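Open the model in your viewer and keep the selection tool at hand. Each stop below gives you something to select and tells you what is there.

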Amino acid sequence: MALGGDLQQSLHASGYRAQNSRALNITGAAVGVQAAAILARQTYCTALQHAQLTEVGVYLDARQLWVVMAAPFAPAVAMSGAAAGRRVLDLVNQARATPRSCGRQAYPAARPVRWNETLAEAARLHSEDMARNNYFSHGGRDGSNPGQRVERVGYRYRATGENIAGGQRTPEETVAGWIGSAGHCANLMNPAFTEMGAAFATDARSEYGVYWTQAFGAPR
């Protein structure tokens with residue numbers, strides 16, 4: 001930044017992935033020897049006391065001072081996997097209770113789906129694989145499709161389907177995104193499905209940080 005780059009470009013160039021960041025710049029003659037006194041002024045108190053910023057870097061020379069504060073990228077969902085899955089179930093059943101259009105296709109209200117632990121296990125494994133290996137796809141790295149993945153964990157189905165999402169921090173955001181996507185919404189409203197499971201996984205090294213999978217089914 002001392003060479004003219006902006007904050008986001010400079011963070012990217014340095015390889016620092018920030019969830020939140022802020023920069024403070026002071027210039028002037030002899031700023032180097034006065035830096036501590038300048039920063040102690042009330043003017044800079046609010047900027048330096050940002051509670052969400054946990055790390056700092058400083059550049060100082062005779063005429064300029066740069067202070068960059070940031071919170072590193074740390075994807076998280078503020079509830080347990082079990083609680084998040086059950087909340088997804090509640091939200092999905094709320095959505096199914098109301099007629100809606102998924103893209104250009106109209107769907108009547110559908111009966112609620114019930115929770116299935118085997119489907120939840122299939123969802124967990126796919127979310128973990130996407131997070132750990134930094135990809136986002138219904139196709140697994142091993143070439144598997146959603147039907148094959150639920151069969152692997154022992155679920156025998158007449159019908160099955162899968163929704164995935166990336167980057168959302170709450171079940172509410174996740175289900176809202178599915179409702180807003182024609183294909184995902186069609187799965188969510190499909191009256192053929194009677195059961196579901198859902199899970200998320202996180203990895204700070206991945207692009208999206210948080211990966212969600214929802215597996216639907218109707219057993220044989």
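**Before you start**

This is a predicted model, where local features need pLDDT of at least 70, side-chain atom pairs count only at pLDDT 80 or more, and totals for chains, interfaces and linings use all residues. Residues are numbered from 1 along each chain as its sequence is written, and side-chain values use heavy atoms, with hydrogens and water left out.

Helices (H or I, at least four residues) and strands (E, at least two) are DSSP runs, numbered from the N terminus.

**Stop 1: strand 3**

Select residues 64-72, which are strand 3. Is strand 3 enclosed or open? Eight of its nine residues are buried, so strand 3 is largely enclosed by the rest of the structure. Buried means under 20% relative accessible area, exposed means over 50%, and partly exposed is in between (1.4 Å probe, protein chains only).

Two strands count as paired if DSSP finds at least two bridges between them. Find N20: its bridge partner in strand 3 is A71.

Look for L60, which stands opposite L65 in strand 3.

**Stop 2**

Strand 6 pairs with strand 8 (residues 195-202) in the parallel sense, over two bridges. Zoom in on R114: its bridge partner in strand 8 is E195.

Strand 7 and strand 9 run antiparallel, with nine bridges. G161 stands opposite F216 in strand 9. Strand 7 is mostly covered, with seven of its ten residues buried.

**Stop 2: helices across the sheet**

Axes here are lines fitted to C-alpha atoms, for helices over the stretch in contact, and angles run from 0 to 180 degrees between N-to-C directions. Contact means heavy atoms within 4.5 Å.

How many residues of helix 8 are buried? Six of its eight are: H184, C185, A186, N187, L188 and M189.

**Stop 3: helix 8 meets helix 4**

Helix 4 and helix 8 pack with their axes 9 Å apart, at an angle of about 90°. The two helices are therefore roughly perpendicular. Angles of 65 to 115 degrees count as roughly perpendicular, under 35 as roughly parallel, over 145 as roughly antiparallel, and the rest as oblique. Show side chains: V92, A95 and R96 in helix 4 meet N187, L188 and M189 in helix 8.

**Stop 4: helix 7**

Select residues 171-179. Which residues of helix 7 are buried? They are P171, T174, V175 and W178. These cover an arc of only 90° around the axis, which puts them on the same side of helix 7. The arc is that of the directions from the helix axis to the C-beta atoms. Helix 4, strand 7, helix 8 and strand 9 are what they pack against.

**Stop 5: the disulfide**

Select C102 and C185. They form a disulfide, with sulfur atoms 2.0 Å apart. A disulfide is a pair of cysteine sulfur atoms within 2.5 Å, and the structure holds one. C102 is in strand 4 and C185 in helix 8, 83 residues apart. The torsion about the S-S bond is about -55°, so the disulfide is left-handed. C102 counts as buried at 5% relative accessibility, and C185 at 0%.

**Stop 6: two loop residues**

Select N134, in the loop between helix 5 and helix 6. Its phi is near 55°, a positive value in a residue other than glycine. Most residues other than glycine have a negative phi. N134 is partly exposed, at 39% relative accessible area.

Finish at A76, in the loop between strand 3 and helix 4. A76 is partly exposed, with a relative accessible area of 41%. Not counting residues up to four places away in sequence, A76 touches R169, T202 and V210.
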